[in-house]
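Welcome, and please open the model in your viewer. We will go from stop to stop, and at each one you will hear what to select and what to look for.

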Amino acid sequence: MPADPAGTLAGVAHQPGVDKPDPILVVEGMSRSFGGLLAVDVDKVSVQRGLITALIGPNGAGKTTFFNLLTGFDEADAGTATFDGQLVSGMSSHRLAKMGMVRTFQLTKSLTRLSVIENMKLGARDQRGEAFLRAFIPYLWRYQEEEIEDRAEALLERFQLSHMRDEYAGTLSGGQRKLLEMARALMAEPTLVMLDEPMAGVNPALTQSLLEHVKGLRTEGITVVFVEHDMDVVRDISDWVVVMSEGRVIFEGPPEVISQDPAVIDAYLGAHHDAPLTEEQEEQRIANAEAELAEREGEVP
Amino acid sequence: MNLVSILEQTISQMFGVNAMVFAMAVIGLNVHFGYTGLLNFGQIGFLAMGGYGLGMSITVFGWNPWLGILVGLGYALIFALLLGIPTLRLRGDYLAIVTIAASEVLRILVRSTTLADWTGGNTGITNFAGAFYEFNPFTERVYDFGPFFYTGPNLFILSIGWPLVLLVTFLIWQLMRSPWGRVVKAIREDEDAARALGKNAYWYKMQALILGGVIGGLAGILLAIANSTVQPDYFVPVQTFFMWTALILGGVGRVWSPIVGSMLFWGLLTVTDGVLRGFEAEGWIPRWLMNASQVGQIRFMLVGLGLALLMVYRPQGLFGSREEMMLDAR
């Protein structure tokens, strides 16, 4: 599938902070510092509705911090964020989630001692039985609970987790947990899904299926923002890429441009970021490492 | 050594006032730790709040005793708010530190001479529960049936207390299989995940803290009525740890574990006490090893040993699921 199927961003300039035709999320002047370290200092970023936007950058670029600020898991020192036309700066994470911005985590947070189906049902919004007093009277929420369960089962089917329905989520493999977390996020009927390194720690066989699921979100009209290190993944599924370094947005553009631009590749991904090592190079590296080890051992009496 | 009498005492204790009060308090602790994952090391403080709330309403303010029960529950609720507001936004350990400290502060406060006009200082508040015993149908001094041996007033409070324990157990069971229960269990597993799905984790933790605390307050009220007195020296931190022992014996986060754990805990204490005293009286235990006055301490050592063995061979407790326990280790 081609990136940006509708070509909505065809005429948009490739520069940091550029305006999008129909932004779902707009961030302006957002900064966050830890002691003397300015971790995030973003002038402007806007995210186009209905597309997949990747957030990339070298380690320590402030991607995750920025992610946490956007999703209410951390508080910005300054700046504003607008989600779906509403000012949401400083809003707590659960309220953002209720508005339709749902995130996942780099280290998957499956609720290990709840069954897979309970994990799913937790995701549903506006549950009547979640109010303390109503919880005592099943009559008030049983009908809604059945609806939620049907929806959860359909999603489990789609994510190929149906056979694990009644198992503890803790018994799932790493990849299945990623699937569960994504499916659970969909239970909340989000308009914007924020995925923090969705492919981290997933075996290659499952990566493809996860990628298809992410593309499936776009087909449904859900906006996706994700942080990722793997350039192949970024090239494969994203419609627009935002590159961060040292807390700032330094480049924006479609993935083809990003991977063609030698300056970006050299500066932020390394010149040989995805070129496989030749056998000689690898042997050379091993020899170097061994020599270094031997040297260090010599230093220790 | 009279084995039959030891057995009778043990069974009487398993259904006695101590076990009943513990069962109620441990249900609260189970709501906190077993379902919501809150580390409360000051459950005894909630009992004190309940007991003193009732006692002070009657003796100091001269209010209706039934209103006093509500006041006691209200005290426990306020205690939960005081503990929760500053700590529930922080990591779990902070609640543990604050609860154990607060329950000690509370005990020392009610014991102080400064407050003696209200709380009775180190003698506590006495003889206030008479109004409740007007309803006591068990007018004989002692009731002895089968293995059970209770005084009339005790039998009265037991006949109220145990059904109450069962009722609260039922309500908690109902609550924990509702969507509300799902949210608090999710918070136990991972608070951030719950927040990311739109659940106000802080508010749910507060509700759970209040609920478990008020149940603790109810336990304190039952204790106060049973003894017709509240005394500060009962409310020492070690009581909280006995409650934890009962909870772990039964199995954390299970419906029946508070009841069965509490009964077992008091049963074990009584049976070891009886057997040790019997052995001592028969002269089977050499004096250099143990004398009669040390029985009280040594039975706790044995219970501790039992708990240690339980942790080795059945860490999930009696009702827990080993499969679930192992998931935790990942």
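What percentage of the contacts in chain B with a separation of 6 or more comes from residues 24 or more positions apart? Those residues account for 73% of them; two residues are in contact if their C-beta atoms, placed from the backbone, lie within 7 Å.

Before moving on, note that this is a predicted model, in which local features need pLDDT of at least 70, side-chain atom pairs count only at pLDDT 80 or more, and totals for chains, interfaces and linings use all residues. Residues are numbered from 1 along each chain as its sequence is written, while chains are lettered from A and ligands numbered from 1 in the order in which they are written.

**Stop 1: chain B as a whole**

Select chain B and colour it by secondary structure: there are 15 helices and 4 strands. Both are DSSP runs numbered from the N terminus, helices being H or I with at least four residues and strands E with at least two. The radius of gyration of chain B is 21 Å, close to the 20 Å that the globule rule gives for 330 residues, so chain B is as compact as a globular protein of that length. (The radius is taken over C-alpha atoms, and the rule is 2.2 Å times the number of residues to the power 0.38.) Along its principal axes, the C-alpha trace of chain B spans about 65 × 55 × 35 Å.

**Stop 2: two helices of chain B**

Now select residues 43-59 of chain B, helix α3, and residues 65-87, helix α4. Their axes come within 7 Å and cross at roughly 145°; axes are lines fitted to C-alpha atoms, for helices over the stretch in contact, and angles run from 0 to 180 degrees between N-to-C directions. Show the side chains where they meet: B:Phe46, B:Met49 and B:Leu54 are among those from α3(B), and B:Leu73, B:Tyr75 and B:Phe79 are among those from α4(B). By class, this contact has 13 nonpolar, 8 polar and no charged residues. Here Ala, Val, Leu, Ile, Met, Phe, Trp, Tyr, Cys and Pro count as nonpolar, Asp, Glu, Lys and Arg as charged, and the others, Gly among them, as polar.

**Stop 3: where the chains meet**

Show both chains: 25 residues of chain B are in contact with 31 residues of chain A. On the chain B side, α8 (152-176), α9 (179-189), α10 (191-196) and α15 (322-328) each give two or more residues. The largest share, 8 residues, comes from α9(B). That side of chain B has 10 nonpolar, 6 polar and 9 charged residues.

**Stop 4: a hairpin in chain A**

Move to chain A and select residues 23-34, strand β1, with residues 37-48, strand β2; they pair in the antiparallel sense over 10 bridges. Strands pair if DSSP finds at least two bridges between them. Find A:Glu28, whose bridge partner in β2(A) is A:Lys44. Between the strands of this hairpin lie 2 residues, and A:Gly35 takes a positive phi near 60°.

**Stop 5: the open sheet of chain A**

Finally, which strands form the open sheet, and in what order? There are 6, in the order β6-β7-β8-β3-β9-β10, with mixed pairing. At the edges stand β6 (101-103) and β10 (248-253), each with a single partner strand, so one side of each is left without a neighbour in the sheet.
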